[in-house]
Amino acid sequence: MRRIVLALGVCVIVVALGFAAQAPTGTISGTVRNAAGAQLPAARLALVRDGVESRVLQSDGTGAFTFARVPAARYQLTASLAGFSPFSTHLDVAAGQTTALAIVLAPAAQAEDAAAPQAEPLHASSADASARRIPRWEGLSGSAIGGAIGGVAGGVVGGMPSAPLPYSGRPHGRYDGTSENYARIDDNPFRRVAAEPLSTFSIDVDTASYANVRRFLNAGALPPPDAVRTEELINYFRFDYPLPGADAPISITTELAACPWNPKHRLALVGLQSRPPAIGALPPRNLVFLIDVSGSMDSPDKLPLIRTGLRMLVDTLTPADRIALVVYAGHTGVVLPATSGRQKAAIHAAIARLEAGGSTNGGAGITLAYDIAQQNFVKGGINRVILATDGDFNVGVTSQGALTRLIEEKRGTGVFLSVLGVGTGNIKDATMEMLADRGNGNYSYLDTLHEARKVLVSEAGATLVTVAKDVKIQVEFNPTHVGAYRLIGYENRLLANADFNNDRKDAGEIGAGHTVTALYELIPPGEEGLVSDVDPLKDQRPVTPTGTRTDEVMTVKLRYKAPDGDVSRLLSVAVKNRVSDDSPNIGFAAAVAEFGMLLRSSEHHGSATHASAA
């Protein structure tokens, strides 16, 4: 009897499958591109029927997609990708027919761009100039750091959730991935002016930490504290500083204000503004992309993202520009020799040939890329090797010391090195930051196509055109007005005071149109009692600063070199004892600094909360 029942069951299944096989189905096939025609991988496509998503997939590395064996019916098809406005259309699937679609995604005007604080000038002429921070954070958007701040304020205290939260851009706890590598950062301490009146550091225009932090928050996790470099969060944004005059490529702006997280303290802002590139006058570019095609790059947020970013860049190349593609994995090779920007079809074809696989010989690739850049060197132009990787150098030159010596040797040729970091779970952040710093370049992290467009297209001038190198800042504090001070961020950019006048000491570079912002937290004289100090010396006579400049809080000095120069120039500005109550620059910078301190669980965050940073 049991065999009869089983046999009947099998018959029913076979009959059902037969009917299913005969059910009328069709196919939907197409591509996803941007307005310039560049293919967009990793776009999310969904078929919706009766208000319910029935099928979901992603576009492949060439932007193509196919829904096979789709039951004949009417559907809504949606497409979405970070940095672009959502797309939606209705279509009918007919039996035995293929419906072809060419989807074009437009840049988001009100999506990610609106949710995140914009990397655009903050105008002091805003209608709400009295507001402490501009722009205002806009609550629970969940698509960028602005939404993440609102989400954190909704239920997180002291860096951890106070109650279970549904995911809407709200962090649920620290990321505990052990394969990502970050250099340890210990917050700068307060220093007594009586003992250390000088503060010296190299500028930093990297933005990788901001985009990386945004990646964690969008995934619903708090970043590791060492992934948060507060100065990079601040410098992701452009501030409203005066343009430099004709006698220097950089201007210096200073401001004083009350400290939001400690009413007894004050904040001092030091802002730099470089001269922007002339419209339509970008120098000829000699770009060599060194692309990691190892097995670890086989992920939609890694090599496919780089390919799409390259396609967007190619559309901006002029006949005077040259671009080369070098790949490295188990072996190193040239996918595209130095090619004129007029040969766009050949460049796009080479980009399409980039595929992941193998291990990672980063050192050999760097050497080859520099050789190609030097062979095609453009005097007075942009000569740059751009390394695109997740930072996992696991074959060949692996030690940071060997890589550092290699990069320092090559930068003397006038070819600088920038780094594009990508991916999750395998990031070697410390290595990538070190390479860019030693190579006189920038370190950016690409978490979305929007960020790739920002770095490679919309801000190519600031990213690639160096207007000054070895830029150092030294601040002297007046003990009449400052008892102790603390530099917020820049922990891995500190210099010895004697390095300020040493032109052989390497420092940071600033690109065309860049702004650089640094904040100091100041403790007034008589209030620095809790600042750590050494025991009184037995055989030394104490030195008491006189502080005769009663109307000046501090003096800011700046040294810089021309991009092809070896001798530095000096700029100096005295900061008067005048507090700004309505400056959008220092107010916004303070808000970002607050958020950074909270993410780092900094002991110096005082009364700061996620709500006060919002």
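Three strands, in the order β4-β1-β7, form an open sheet whose pairing is mixed, where two strands count as paired if DSSP finds at least two bridges between them. At the edges of this sheet are β4 (64-71) and β7 (98-105), each of which pairs on one side only, and the twist averages 20° from one strand to the next. Axes here are lines fitted to C-alpha atoms, for helices over the stretch in contact, and angles run from 0 to 180 degrees between N-to-C directions. Strand β1 (residues 25-34) pairs with β4 in the antiparallel sense over six bridges, and Thr25 stands opposite Pro71 in β4.

The model is a predicted one, in which local features need pLDDT of at least 70 and side-chain atom pairs count only at pLDDT 80 or more, while totals for chains, interfaces and linings use all residues. Residues are numbered from 1 along each chain as its sequence is written, and side-chain values use heavy atoms, with hydrogens and water left out.

Taken as a whole, the protein has 14 helices and 25 strands; these are DSSP runs numbered from the N terminus, helices being H or I of at least four residues and strands E of at least two. Of its 614 residues, 53% count as buried, that is, under 20% relative accessible area, with exposed meaning over 50% and partly exposed in between (1.4 Å probe, protein chains only).

Strand β2 (residues 44-49) pairs in the antiparallel sense with strand β3 (residues 52-58) over six bridges, and Arg44 has Gln58 as its bridge partner in β3. The hairpin of β2 and β3 has two residues between the strands, and in it Asp50 takes a positive phi near 55°. β2 also pairs in the antiparallel sense with strand β5 (residues 73-80), over five bridges, with Ala46 opposite Thr78 in β5.

Strand β14 (residues 285-292) and strand β17 (residues 382-389) pair in the parallel sense over seven bridges, and the bridge partner of Leu287 in β17 is Arg384.

Leaving aside neighbours within four places in sequence, Ile291 is in contact with residues including Leu303, Ile306, Leu310 and Ala388.

Helix α13 (residues 584-599) is mostly covered, with 16 of its 16 residues buried. At 1.5 Å a residue its 16 residues should span 22 Å, which agrees with the 23 Å between its end C-alpha atoms; the expected span is 1.5 Å times one less than the number of residues. After α13 comes Ser601, whose phi is positive, near 55°.

Notes:
Contact means heavy atoms within 4.5 Å.
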